[in-house]
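Work through the following exercises with the sequence and the coordinates at hand, and compare each solution with your own reading.

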Amino acid sequence: MPDTTPHTTPGTTIRFLHSGDWQLGMMRRFLGPEAQARYGQARVDAIESIGAVAARTSAAFVVVAGDVFDANQVDRKVVLRACEALRAVPCPVYLLPGNHDSLEPGSVWASPMLAAHLPSHVEVLRDSVPRTPAPGVEVVGAPWRTRRPLRDPVADVLDADPPAAGGLRVLVGHGQVDSLAPDVGEPALIRQDPLEEAIAAGRIHYAALGDRHSRTSVGESGRIWYAGTPEPTRPEEEHPGDVLLVELATGPGGSTCTVTPERVGTWRLLSQVVEVDGDASLDALDRWLGEQPDKARTVVRLGVRGALPVAGLTRLEVLLDAQTEVYAAIQRWRRHWDVGVLPDDRMLDDLPVTGPARAALEELRHTVASGSDDAAEAADALALLHRLAGGAA
Amino acid sequence: MRLHRLTLRDFRGVATRDLDFDEAGVTVVLGDNETGKSSILEALSLLFELPDDSKAGKLKAVQPAGRDVSSEVAAELTLGGQRVHYRKRWFRQRLTELRVDPGGHTWTGREAHDEAARLFAAHVDGSLWAALVVGQEHALAVPAAGSVAAVLTALDESAGGEVDHGASVPLVAAVEREYQRYFTRTGRPSGDYAEAISRRDQERARVADSQALLAEVEQDVASAERLTRDRATMSARSREQEARVAELSDRRQSAEELVGQVDRLRRDAEFAAAQVESARAEAERRAALVEEVRERDRAATEAEDARLRTAAALRAAEQEWERATAALRVARDEQAARRAEVRRLDAHLSWLRDRADLARLRERLTAVEEAREQERRAAAALDRANVDEAALEAAETAHVDVLAARAALAAGAPTMVVRRLGDAGVELSGVPLEEATVEREVTVDRDTTVRVPDVVEVTVRPGTGAAELAAVAASAEDAERRLLAELGRPDIGAVRQAARSRVEAERALTVAREVLTRRLEGRSFADLSAAHDQLLARVADDEADDIAEDVPEDVAEDVADDETDGGSDDEHVGDGVDRAADAVATLFDPEPLPVRDSSAVKESLTVDEPTAVKQPLSARTPLPGTQESTREALGRAQAEDVAAAKVLAGAEATEAGVRTAFETARDEATEARVRAEQAAERRADAHATLDRARAQQGDELLTAAVDKAMQEAAAIAADLAEAEDAVSRSGAGELGERLAEATTLRAQLAEQVEHLQDELSRVEGALERAGAQGLATAADRARAELAHVEEHHATLERRALAAARLRETLERHRAQARLRYAAPLRDRIEALGRVVHGPSFAVSLGADLEVEARTVDGIRLPVSSLSTGAREQLATLVRLAIAGLTATDGSGVPVVLDDALGWSDPGRLQAMGALLARAGATGQVILLTSAPDRYVGTVPGARVVRI
């Protein structure tokens, strides 16, 4: 995305990777222990994938814009594995403490284990002193020193002295940009206007941001980016799973900036809401679930709406039970889980039930039809009766 | 089933018994106790139950006690419409025989036993048998009709097919199984469901625990952040306080310096006050001295007046020898005047010398650094100045004696005047007269020779009177000399001087001591020395000025010489002696005497006296300024004195005849002259003292010194006031408190900083330890686990609630159906009961068709609360009702009651009898009893069999 800024002299070109929100050590409740372990490993593997991208693209360095760890109190195994995976990255790596792993007292960054195992080419941006990974290129971090700062976390960096003439400066920051924040009263928002002014003035040439798990270009400059999380963490995220390849160059007309997403993620977190009304709709659901690729690394948050005959309910359960075994997880989306039983089901009429049992059946059926509070329970009881009386054979 | 006949052989206590029972109706078997009524039921039971070779324990009890015989039971009954003959023998000659009619099928042995059992099971409902064939031990138990299959069958039949046992039972069982997958029989969660609940609760607790740990960490983080901030704030405050303490400390030091200055100034002020005092004292002494001079002047004038008066009186009294007497008086006066002049000059000379001494003394006194030395020297001088007041008095007396003797001698001895006229040498008493034409007048108080060698020798001998007078004078002079020698003084002047020196020395000692005391008080010796040097230099300058202005050069030179000599009292004394010697020498100088300004003497001399005494004298001068000129003047005065004596001798020679009168007048005149001389000497002394004092320090200088001391004192007082004001302004008093407060606060702040640091270290240590524990991961894992467990629990719960809901619904409907279904049984029980208990009798039945409660006359009692009789009656009623319900088909069994209704009153027994009879109408009723009156007569139509 070409851009012209003054104060730069031709000659410098730099290529680096921008990542963030690794959230190492994160656990997802919808995953079982086995899937949880694979998911955790995938987040560590993503580091190696980033290293591979760096090697392939000859990136000069990698910046990770905060939330490297999901929490300051992560398990030591997570730290050790991260350190191990970082060895695979063939260029300098700059890690920025974010809100999840802020430089508060007792932070993961202060742990002796990290100090002992962090590879030498990896540096934690504990301050805003410019680093120079390449001649004419500065990396300036804006670390979170507490998990609840009371001001724009990058403001100080923007106010600092500009880079030397002809130099390029990469800001590594973390936090929500005010233009995207739902709560503008939050004090720790990154204000977009000053950031864009700094870019326009040539004090900053690229803002590598973290916090937002969706890959996002902020504003019109093309130089403010959220890289997004390398492995998805929530179904709502848009374009997660990438690392950004950033190419900055100074030319005769000013500097240019090109940003290219590179895929590193292996997991998918999907949201799916289906309407059911009978066997055909269940067939469609079954088919959809069956068609998804790479199920072992796919999580489906499933909503089901509609009403089914008792047998259909039973089939839905069986169907989901079976697919749950194949997928990393199929999460029932409570908010969108509203499936009833069809009370005038002819199959109930055909059940070989007489006497008091028939009376009980009819009562339950009536309750289901009434839609009262205990209708769901009555429907379950009705389904059970249907099964026990041989209807579900 | 119908029992027709039962035969027992050697069964328990029964040897042989045959019992026949009617096909229908009531048979009462009446027998006493121990007659084997109960054995009937037992035999019937064992017959079908135990094979003939059975070794069952309960069989052993059947064999008659002590007899090794076989026991045999045979029964004839109807089963399923067939006539069955069944016989069995145990123990010995065992036997089992079965024959079934019609058809006459026969089985023996084990086959017979099995076939009989099969027939019994097929045609006799065991539950019904248990309900209706009742041993006496069960008589009180109310049977539950629901457990009697035959009853249920009967009820189903009466329900007309609406009750669908066949279809529902498996479903009910399946629902029950499903229910019991989740719940216990008492409705508590069980199995997987209970485990899921338990796991969920455990996981919740784990989550809560891990959350609590995390919350602790977060608290620690917040607290560490707060502590860091607080520590920074406290450190800043601590540093501020440090600066404040330093500032206050500096200020206090300055204030202390001010206070020190005030102390110094106070000491200076005290010293200045002493200086003022000293200057004033000096001024007062000067005033006293002036007053004394005035007094001496007056006294001298008076004495002179007295002398003139006596002279006039002498002239008046001695008319005759007026001229002689006058001449004598004049001569005497002249001589006295001359001598006074000599004394005056001599004294003046002493004063000049003394002034130099006093200058040195003053210099010494002001030499503060030598104050101790001064004191010691003053004391030494005091020791040496041995002329105290008594000695002075003695010397004065001796001196007056000498003067008196000499005066007498002068008046009484002849005088010889020798003058060399030519070149021939003339010796006067062996002494050559060197100059011609010079008269030498000699008082002839001894043999005196005038010799011109080779020419003449004239010896003049004094008269007897003169010799005596000379002896008196010599004696007086001897006495004075001895006294002077004793005192070590050459003359009376030296003695007086020594006496004054002693006074001075005493004062000097006192002053030296005072100065020493004052000077040393509160001050270092070096300070004093420096101050004194300064003062000394200044005084020396002043002194030099004064001397230059007021004192002739040679005095100044003397002073200067003495200064350079650093002379002592001894030297002064010595010097004094030297000067006295000078003066004595001057007495004999041939220089002319200075003429005293006395017009009366001049007048008288010009009229009558020979010219010898009127030789021109050197011009008379006022008191000279230098020692040299003084010595010259003294010489002149002494010469004049000699001349006067010569005139006096001439007068005496001329007027020898009037000696007596003259002597009287002479005595008076002598006395007046002595007095005048004395007064004049004293005046001269006073003047000399005053002049010396003035020469040392003029009056104006004394006043100036007082003024200066006062000014200095005022200046110091002003400085002191200013310094005190500065101390007051500096707030020296409160500075100490403020500094103490500030220091305390600084210590507190430092302590707080240290405390905060400790806290911070502790929290950071805790955080570091927590950091190594992976608490967030653990909490996440626990939450994930909880989510799963909750999911699992929710699934199970849903299933459990579905099962519970289904079971409840099903059971409810079944219970309702059962109530409808049990209605015929209830109706039958109540119909029978009303016969016994009246029309209000009602029962309520439970789920198992058991009687739960009985109501009579509106009083509902649970079965357990019924009396024994009532319960026995109720049990019998239920049995009869069951019998009634089941009697309709062939599967019915006889009602056999062993020793029942033993608790019923006769009225109830009568009613029960009627019911038993009614039961007998539709079935076989066998009543075993030992009480003949219980049934006999109460059960209409009953056949009684006695055993």
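**Exercise 1: a strand and its partners**

H18(A) stands opposite L244(A) in β11(A), and the bridge partner of H18(A) in β2(A) is V63(A). The model is predicted, with local features requiring pLDDT of at least 70 and side-chain atom pairs pLDDT 80 or more, while totals for chains, interfaces and linings use all residues. Residues are numbered from 1 along each chain as its sequence is written, with chains lettered from A and ligands numbered from 1 in the order in which they are written.

Task: determine in which sense β1(A) pairs with β11(A) and with β2(A).

Solution. With β2 (residues 61-64) of chain A, β1(A) pairs in the parallel sense over four bridges.

**Exercise 2: two packed helices**

Task: describe how α21(B) and α22(B) pack.

Solution. Helices α21 (residues 775-837) and α22 (residues 868-886) of chain B pack at an angle of about 130 degrees, with their axes 9 Å apart. The two helices are therefore oblique to each other, since angles under 35 degrees count as roughly parallel, over 145 as roughly antiparallel, 65 to 115 as roughly perpendicular and the rest as oblique.

Terms used:
Axes are lines fitted to C-alpha atoms, for helices over the stretch in contact, and angles run from 0 to 180 degrees between N-to-C directions. Two strands pair if DSSP finds at least two bridges between them.
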